[in-house]
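Reader: I'm new to this one. Can you put it up and walk me through it?

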Amino acid sequence: MIAGHFGFAASVKARESAVPLWALMLATVFLDVLFVPLFLSGIETAAPAEGMAPGYGHLVIHADYTHSLVGAVLLSALFGWAGAMLWTRRAGVVLALVVFSHWVLDLIVHRMDMPILPGDWGNLPRLGLGLWQWPWIAAAIEALLVVVGAWLYWRAAAGLPGTSQSRARVVGLLVLLGGAATLALDFTGVLG
Ligand SMILES: [Zn+2]
């Protein structure tokens with residue numbers, strides 16, 4: 001899931017206009033951003049789920065640090081702390097919650113591959129509701145997150161004066177198109 005996270009961030013921006021959109025967008029995929037270097041260095045891994053053809057949601061992802069429950073809480077707190085330093089305390093809380101929303105949305109789609117403790121310490125049960133087993137349903141939910149996010153963002157832009165309104169509307173449109181493109185790439189298997 002990538003597009004759905006961005007869609008959710010756009011919904012948050014519609015309510016929390018004081019927090020910069022780029023910070024919300026970064027927050028929403030922060031766990032995946034950290035996953036990339038760990039994946040490239042072989043610390044976190046991903047492999048096709050048994051019997052699944054390559055394509056949308058076909059992976060079992062062992063992101064045992066970035067996507068562990070406790071790891072996600074710590075990373076959310078860290079991001080929120082940086083946000084509070086840069087902007088306001090409220091912005092920090094919002095950003096921390098948005099970082100953690102990634103873990104919650106991933107929990108819905110991942111196949112029981114998300115550990116509780118970093119590094120799967122203690123071999124506790126792994127979590128994940130596995131909606132990726134039904135790719136069309138998971139993708140439909142992602143599409144809904146994108147459409148609702150873009151729509152809320154677009155609607156919130158109506159309250160802005162003149163040029164900021166048109167600028168915000170362009171961004172809202174980009175969220176919609178970017179989300180649709182990301183979902184399409186994801187669904188055709190280009191993104192892994
Ligand atoms: Zn993720």
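Author: One term to start with: two residues are in contact if their C-beta atoms, placed from the backbone, lie within 7 Å. Take the contacts in the protein between residues at least 6 apart in sequence: 60% of these join residues at least 24 apart. Keep in mind that this is a predicted model.

Reader: Ok. How many helices and strands does the protein have?

Author: There are 7 helices and 2 strands. Starting at the N terminus, the order is α-α-α-β-β-α-α-α-α.

Reader: What share of the residues is buried?

Author: 38% of the 192 residues count as buried.

Reader: Let's do helix packing. At what angle do helix 1 and helix 6 cross?

Author: Roughly 25 degrees. Helix 1 covers residues 3-15, helix 6 covers residues 135-157, and their axes come within 7 Å. Angles under 35 degrees count as roughly parallel, so helix 1 is roughly parallel to helix 6. Their crossing is left-handed.

Reader: Which residues make that contact?

Author: From helix 1, they include Phe6, Phe8, Ala10 and Lys13. From helix 6, they include Ile141, Glu142, Leu145, Tyr153 and Arg155. The residues of this contact divide into 14 nonpolar, 4 polar and 3 charged.

Reader: Next pair. How far apart are the axes of helix 2 and helix 5?

Author: 7 Å. Helix 2 is residues 21-28, helix 5 is residues 89-109, and they pack at an angle of about 35 degrees. This crossing is right-handed.

Reader: Who meets whom there, between helix 2 and helix 5?

Author: Helix 2 brings Ala23, Leu24, Ala27 and Thr28. Helix 5 brings Leu95, Val98, Val99, Ser101 and His102.

Reader: Switching to single residues. Where is Gly83, and is it buried or exposed?

Author: Gly83 sits in helix 4, residues 69-86. It counts as buried because it has 25 C-beta neighbours inside 10 Å, and the cut-off for buried is 20 or more.

Reader: What does Gly83 touch?

Author: Leaving out residues up to four places away in sequence, Gly83 touches Ala23, Ala91, Gly92 and Leu95. Take Ala23: Gly83 and Ala23 are 60 residues apart along the chain, yet their C-alpha atoms are separated by 8.2 Å. Ala23 and Leu95 also belong to the contact of helix 2 with helix 5.

Reader: Now the backbone. What is the phi of Met112?

Author: About 35 degrees, a positive value, although Met112 is not a glycine. Most residues other than glycine have a negative phi.

Reader: Where is Met112, and is it buried or exposed?

Author: Met112 lies in the loop between helix 5 and helix 6. It is exposed, with 12 other C-beta atoms within 10 Å.

Reader: And Asp120: what is its phi, and where is it?

Author: The phi of Asp120 is near 55 degrees, again positive in a residue other than glycine. Asp120 is in the loop between helix 5 and helix 6. With 16 C-beta neighbours inside 10 Å, Asp120 counts as partly exposed.

Terms used:
Residues numbered from 1 in each chain as written. Predicted model: local features only at pLDDT ≥ 70, side-chain atom pairs only at ≥ 80, totals over all residues. Axes fitted to C-alpha atoms, helices over the stretch in contact; angles between N-to-C directions. Helix = DSSP H or I, 4+ residues; strand = E, 2+ residues; numbered from the N terminus. Parallel < 35°, antiparallel > 145°, perpendicular 65-115°, else oblique. Left-handed = near helix turned anticlockwise from the far one by under 90°. Nonpolar A, V, L, I, M, F, W, Y, C, P; charged D, E, K, R; others polar.
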